[in-house]
Amino acid sequence: MGFLMPYSLITVFLGLIGIMSAYALYLKVKSSPEGEGRVKEIGDEIHLGAMVFMSAEYKRLAIFCLICILALYFSLGWQTAASFLLGALCSGIAGFIGMYAATKANVRTAVAAKEKGAAEALNIAFFGGSVMGLTVAAMGLFGIGILFYYFAGNSETIHAIEGFAMGASSVALFSRVGGGIFTKSADVGADLVGKVEAGIPEDDPRNPAVIADNVGDNVGDVAGMGSDIFESYCGSMIACIALAASMTSITITNLGGNQSMLQFMPLALASLGLICSLLGIITVKIFSSKSPETALRYGTIGSAVIFVLTSYFLINFMGVSLGVWIAVLVGSVGGIVVGLVTEYYTGGRPVRKIAKDGETGPATVMISGLATGMQSVAIPVLTIVFIIFISNIYAGLYGVGIAAVGMLSTVGITMAIDAYGPVADNAGGIAEMSEMGKETREITDSLDEVGNTTAAIGKGFAISAAALAALALISAYIEKISSSDPSFVLAINDPLVLCGMFLGGIFPFLVSSMTMTAVGDAAFDMIKEVRRQFKEIPGLLEGKAKPDTARCVDIATRAALRKMIGPGTLAVLSPVIIGSLLGPKALGGMLGGALICCVMMALMMSNAGGAWDNAKKFVEKGNFGGKGSDVHKAAVVGDTVGDPLKDTSGPSMNILINVMAIVSLVIAPLLI
């Protein structure tokens, strides 16, 4: 293994290059004008609100992480505890930096749209999102590269790297759930009282919940989504390392005969993916003078194509079986397919049907949206099945993990385009609140429309990536148990396994219920507060007085911090409790049941919510009566129900299954 040490240092070096590239893009964003007067004031309010929430959230996270570190130290040793700490730090830093940059980019995007036009506004919004994307990829490579350098030379310590994924997953779960509760409680409150009751436009400065809504876009869809992708990205790499470390001599021979190279392979592919992501970001810049959709699509697909082609030569160079490259190929192509299917269900003909069904009221909007969400599950799941089947044929269970790595290797550009959406959305809100004019709002709306599509695609991509990463982690768990107990088999006719499967199916429903209830309770408080301000602040609805936006931000913050504890604790403790009480077979069954239910529910909820959201926007463009019509009111109801589905409960499924899988893998030695 010693000859691989210089290669692992190259991975660390590339991680540093990625961080420096992200910083250069941030400086580019910051050099753009941030406006004056009301524009700057609104931008500062959003930035400050996001920073206050992140600071409070991370203080609570620090307490949870300290408890986990102590537990790992006394049960599995200092190496696993140190890995957990590094994983939590890398995930937290990536989320914080990405959100900090996004909240600086949104106001500058609005100003650029007013002063310089669509192309410059696209560049700033995209560069703001690219800081998040590059930081996610770079921090993952940097952290795992360091651990690989120190631990990979010893078969006893290499499994300590698994603690890194557990740390990243723990931070991701709390960030995603907490951010989702924050953003949707504000969004629901702003829409129901502002649009439906008061009849004022979206992002109207008179609405006290609008600033909280914009803050929520950043903490939920930038920091939360970044942590979500980060943990799948790191989890897939670490699962491959764990699988390679547990391989039999026959499997090693079939895959090229070099166990050391197989362990290093995921890091090598991720390093190549970072380079391809940088090329994709440059591509978007080159084509920014064209339509935003064209530029972003060229960047995404272009970087994926370059990655697949160059990975062929990398795998050849490392002397590994070409079956590994086929796994990379199907993983990359599968990710694109899931993204395109998601785009269709959240932006194509089904959306127009939902909008038309609003002619007969909210009930038919709800029925149509639920049907769309359920139907949208089929093709993505078939795609995941295809990826698993083909990659397993050519590279075994290791190939399934590599397929996930292949799907996630260009995470730098994928996450950049996903984070671009909230920046563009915030820019539109700032333009509306500061009364920049119709032409500016048209530019920001065009950017936001593309951002809605990229966000929906990003959610589909995140779900499929999380499914493959979780399956790889579960496979690594099975291999680790089997290495000590050759008789260990997860047979469906084993009562313990079957009990575990049913137990696993409970958790997605419980967590979904907890997160939706949290949004509903927080939205209830938000609605009461907005109504109170409209009633008690003289001249507010006439535009002669300012709303108390800080009060709404505080309501969302307190709700998110209070309600995120339950789902997070449930996800971390359930594998420990089931594994300790019922044993490793029941725990393996629980992971299988949770995986299937999580994937299905995540796809259904995310796509139904996205379809409802875009159906509302389709009506707001003037279709079926436009804004203020009965159809619009029906569509707003659908969007309001869909908000917590697509931005809170749905995304929490990705992290739930990965947290349960990585915790199971880490505690496996204690169950043997």
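Apart from neighbours within four places in sequence, Glu529 is in contact (heavy atoms within 4.5 Å) with Arg551, Cys552 and Ile555. Glu529 belongs to helix α16, residues 495–536; helices are DSSP runs of H or I with at least four residues, numbered from the N terminus. With a relative accessibility of 7%, Glu529 counts as buried, where buried means under 20% relative accessible area, exposed over 50% and partly exposed in between, for a 1.4 Å probe and protein chains only. The side chain of Glu529 also forms a polar contact of 2.8 Å with the side chain of Gln533. A polar contact is a pair of N or O atoms within 3.5 Å; within protein, one must be able to donate a hydrogen and the other to accept it, and residues adjacent in sequence count only if both atoms are side-chain atoms.

The model is predicted: local features need pLDDT of at least 70 and side-chain atom pairs count only at pLDDT 80 or more, while totals for chains, interfaces and linings use all residues. Residues are numbered from 1 along each chain as its sequence is written, and side-chain values use heavy atoms, with hydrogens and water left out.

Helix α12 covers residues 362–375; its 14 residues should span 20 Å at 1.5 Å a residue, and its end C-alpha atoms are 20 Å apart, which agrees. The expected span is 1.5 Å times one less than the number of residues. Val365, Met366, Ser368, Gly369, Thr372 and Gly373 are the buried residues of α12, and they pack against α10, α11 (349–357), α19 and α20 (630–671). For α10 (residues 322–347), 26 residues should span 38 Å, and the end C-alpha atoms lie 37 Å apart, in agreement. The N-terminal end of α10 is capped by Ser321, with a side-chain oxygen 3.0 Å from the backbone nitrogen of Gly323.

The second largest pocket holds about 380 Å³ of space. Among its 17 lining residues, Ile388, Leu471, Gly592, Leu595 and Ile596 are the closest to its centre. A pocket is an open set of points on a 1 Å grid over the protein atoms alone where a 1.4 Å probe fits, with protein on both sides within 12 Å along at least five of seven lines; lining residues have an atom within 4 Å of a point. Grid points are joined across faces, edges and corners, and the volume is the space filled by probe spheres set on the points. At least two lining residues each come from α13 (378–408), α15 (438–484) and α19 (584–620), and α19 supplies the largest share, six residues.
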